[in-house]
Amino acid sequence: MTAETILTNALLVLPGEVLHGTIVIREGRIAEVQPGRSHVASARDLEGDHLIPGVVDVHTDNLERQVQPRQNARWPSRSAMIAHDAQCAAAGVTTVLDALCLGDLGFDQGRGQTFLDGVADLDALADTGLLRSEHFLHLRCELPAADMKPAMEPVSDHPRVRMVSLMDHSPGVGQYRDIPRYVAMRRKQTQMTVEQVEARIAFLLDQRARLREPQRAWLLDRIRHRDLPIASHDDETAEEVRRNLADGIRISEFPVTMVAAEAARDAGVEVIAGAPNIVRGGSHSGNVAAADLVRAGAADAFASDYVPASMIEAAWRTVEETGITLPAAVAMITDRPARMCGLEDRGRLAPGLRADLAQVGAAHGIPVVRRVWREGRRVA
């Protein structure tokens, strides 16, 4: 007889409704979704908490923050990967796309090593059973960086790659379009003088003029055979969105203006917004508020960006702040991102799908993750 796990007395967040009911798990899959309470003696009572699908995070930089917890303190990479994984699982994130940066624009020299170590660590750990969440790769390609192409070439066919994004973090562009703010940020981070930062900016803008377009064309050609989801990053204008769509780029990741987000919405381009933007009440970079994108119907999914724990809180806060339903908000952290990266076997509470689940209670008005299961096995 097949062993089964029964989770009962839960508020099941289903597509389109919240149902007081029971989930039956067999062989790592959801076998049954039942209304009402189970009276089987072995059923686990979830005490009326919400039960949602495991969170799917298509973009997190959290590994970088574990590798370098302080500016001049680098942590052993494998230990950092395990710590990052534990944080994701504890936050209810059962599927993680580790967003690793390919290419350095002169202020984050350690990122290249983080990328190399991250791929190697994932290859070493993914099939050992040590990682609580399932990890894939999201390759963040810095188009104007001289070292982007040699970094991309050996991993472009890696089987764990699930998404590629085209980035341009040059000063004066997208997220960093405010040059005085950019100079102040870099001075604080590096202790460089104004003159040194300005000299670096001049170098980067010259490099951008030479490399961005040819490397953009090379990258799109290099990955076209994979049929991977491709995202643009920090879109600012409607023209950028339309150009990207013409090149087969159907995801706009963290658009920095409402104009770009609405252009994406109108063109059928999916939009990823930052969950920390919701939790903090606005963008840390002074860009468009994610809650405004939701109200405008111009956001399809959330990603944690730099705080895995932001995902579930963002869903609950979105309900409070925008008036969308809880099932719709939960879908933005589960079903929508899963479909976005081609993972059709998860993201919803439905028979036959993976039993990736998170039990969410409440404390002081904040949603709190109490238990997490991945393929029916308790991981947090």
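Visitor: How many bridges join strand S14 to strand S15?

Guide: S14 covers residues 357-363 and S15 covers residues 366-374, and the two run antiparallel. Strands here are DSSP runs of E with at least two residues, helices are runs of H or I with at least four, and both are numbered from the N terminus. Two strands pair if DSSP finds at least two bridges between them. For S14 and S15 the count is seven.

Visitor: What am I looking at, and how are the residues numbered?

Guide: It's a predicted model, where local features need pLDDT of at least 70, side-chain atom pairs count only at pLDDT 80 or more, and totals for chains, interfaces and linings use all residues. Side-chain values use heavy atoms, with hydrogens and water left out, and residues are numbered along each chain as its sequence is written, from 1.

Visitor: Which residue in the turn between S14 and S15 has a positive phi?

Guide: S14 and S15 form a hairpin with two residues between them. Alanine 362 has its bridge partner in S15, proline 367. In the turn, the residue with a phi of about 55° is histidine 364.

Visitor: And in the hairpin of S15 and S16, which residue takes a positive phi?

Guide: S16 (residues 377-378) runs antiparallel to S15, joined by two bridges. Tryptophan 373 stands opposite arginine 378 there. Two residues sit between these strands, and the one with phi near 50° is glutamate 375.

Visitor: How many salt bridges does a search of the whole structure find?

Guide: Side chains of opposite charge can pair when their charged atoms come close. A salt bridge here is a side-chain nitrogen of Lys or Arg within 4 Å of a carboxyl oxygen of Asp or Glu. Searching the whole structure gives 31.

Visitor: How many residues apart in sequence are the parts tied together by aspartate 121 and arginine 78?

Guide: The closest N and O atoms of this salt bridge are 2.9 Å apart. Aspartate 121 lies in helix H3 (residues 111-125) and arginine 78 in helix H2 (residues 77-90), so the pair ties together parts whose separation in sequence is 43 residues.

Visitor: Is arginine 354 buried or exposed?

Guide: Its side chain meets that of glutamate 134 in a salt bridge (2.9 Å, N to O). Buried means under 20% relative accessible area, exposed over 50%, and partly exposed in between (1.4 Å probe, protein chains only). Arginine 354 has 5% relative accessibility, so it counts as buried.
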